[in-house]
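Here is a quick tour of a two-chain model for someone who likes cut-offs spelled out. Have the viewer open and follow along.

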Amino acid sequence: MKKSLFVASAVIIGGLFYGVFTMTHPFGNPGKAVMDDHFIDRALKDRSAQNIVTSLVFDYRGFDTLGEAAVLFTAVCSIGALFRAGRKRS
Amino acid sequence: MKPMSLIVITLTRVFSWFMIVFGAMVIMNGHHTPGGGFQGGAVVATFICFLLAAYGGKKFFTWVKAPIYSGLETIGLLVFFFLACLGLPNSFTYNFIAVAHPGEVLGGWLPSCGTISLMNIAVGFEVIGALSLTVIEMYEGTHMNESYFGGECGHDR
């Protein structure tokens, strides 16, 4: 029972992997790049941003960056909690 | 941690200030050159590692106070959130200072990026505080070793 379940799941996952590999674009030939062209065209006109990467990170997807900063804050909080036992100052 | 040799201390004296200036440049120019708050903050935070490794813990804590970095981190995150909230009539993190420029880039015209540069500086302060505080806290955690396991053994000399 266990073995047949394992074989069935292996066949299903293998089929999924095979399908994904056959459906990918050929290397060096991506599909439509509508999103890229939109940002490259509009970043300077809308937001007067010269650096498109920074305008994406801090403007179009600023909520993402807020989460990133929050992750850093949480990491520092957890490090402070972990190493508190060795601290000499109160 | 004992201080390292005279060679390392001299190199720290010469180079660490250049690292701070370079990190500040990466943060300040983040809106029109590669880099930004995260990268520049990481560059500035290596200064703390240099100081701690070269001069040792006793002299290090006469210069460096951990609450300053804690405050830098908190203020950076709060300023970022405040700037993001200021664009709220349109959307969160809306660039409300930027002036829309319809034409193409002319010679000598430098576009102001609005809130992007301000957010870069805020995130830079946050990353400086966070990474420096990580190093300081982990160094202070080594006292745990002294009190529980009998002390540090092994440095370069």
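How many residue pairs are in polar contact across the interface of chain A and chain B? The rule finds five, with both residues at pLDDT 80 or more. A polar contact here is a pair of N or O atoms within 3.5 Å; within protein, one must be able to donate a hydrogen and the other to accept it, and residues adjacent in sequence count only if both atoms are side-chain atoms.

Some ground rules before going on. This is a predicted model, in which local features need pLDDT of at least 70 and side-chain atom pairs count only at pLDDT 80 or more, while totals for chains, interfaces and linings use all residues. Residues are numbered from 1 along each chain as its sequence is written, chains are lettered from A and ligands numbered from 1 in the order in which they are written, and side-chain values use heavy atoms, with hydrogens and water left out.

**The interface**

The size of an interface is often given as the accessible area lost when the parts come together. For chain A and chain B the buried area is about 3,300 Å², and carbon and sulfur atoms give 67% of that. (Buried area is the accessible area, with a 1.4 Å probe, that two parts lose on being put together, summed over both.) Zero salt bridges turn up across this interface, a salt bridge being a side-chain nitrogen of Lys or Arg within 4 Å of a carboxyl oxygen of Asp or Glu.

On the side of chain A that touches chain B, at least two residues each come from α2 (34-47), α3 (52-60) and α4 (62-82) of chain A. α4(A) gives the most, with 13 residues. Helices are DSSP runs (H or I, at least four residues), strands likewise (E, at least two), numbered from the N terminus. Sorted by class, that side of chain A has 14 nonpolar, nine polar and eight charged residues. The nonpolar class is Ala, Val, Leu, Ile, Met, Phe, Trp, Tyr, Cys and Pro, the charged one is Asp, Glu, Lys and Arg, and the others, Gly among them, are polar. In total, 31 residues of chain A and 44 residues of chain B take part in the contact, where contact means heavy atoms within 4.5 Å.

**Residues to click on**

The table gives relative accessible areas; buried means under 20%, exposed over 50% and partly exposed in between (1.4 Å probe, protein chains only).

| Residue | Relative accessible area | Class |
|---|---|---|
| Ser55(A) | 0% | buried |
| Thr93(B) | 3% | buried |
| Leu66(A) | 14% | buried |
| Asp64(A) | 44% | partly exposed |
| Arg61(A) | 51% | exposed |

Start with Thr93(B), in the loop between α4 and α5 of chain B. Its side chain reaches the backbone oxygen of Asp59(A) at 3.2 Å. Not counting residues up to four places away in sequence, Thr93(B) touches Phe58(A), Asp59(A), Gly62(A), Phe63(A), Ala84(B) and Met119(B). Its backbone is worth a look too: phi is positive, about 60 degrees, although Thr93(B) is not a glycine.

Ser55(A) sits in helix α3 of chain A. A polar atom of its side chain lies 3.0 Å from the backbone oxygen of Ile52(A). Leaving aside neighbours within four places in sequence, Ser55(A) is in contact with Ala43(A), Ala49(A), Tyr60(A) and Ile116(B).

Leu66(A), in helix α4 of chain A, touches Phe80(B), Phe81(B) and Phe92(B), again not counting residues up to four places away in sequence.

And salt bridges? The count over all chains comes to one. Asp64(A) pairs with Arg61(A), the closest N and O atoms being 3.6 Å apart.

**Inside chain B**

Chain B has six helices and zero strands. Buried residues make up 41% of its 157 residues. Of the contacts in chain B with a separation of 6 or more, 70% are between residues 24 or more positions apart.

The largest nonpolar core has 17 residues, of which Ile48(B), Leu51(B), Phe60(B), Val64(B), Tyr69(B) and Ile136(B) touch the most other members. (A nonpolar core is a set of buried Ala, Val, Leu, Ile, Met, Phe, Trp, Tyr and Cys residues joined through side-chain atoms within 4.5 Å.) Two or more residues each come from α2 (37-55), α4 (66-86) and α5 (115-141) of chain B, and α2(B) gives the most, with six residues. Apart from this core lies another, of twelve residues, among them Ala84(B), Met119(B), Ala122(B) and Val127(B).
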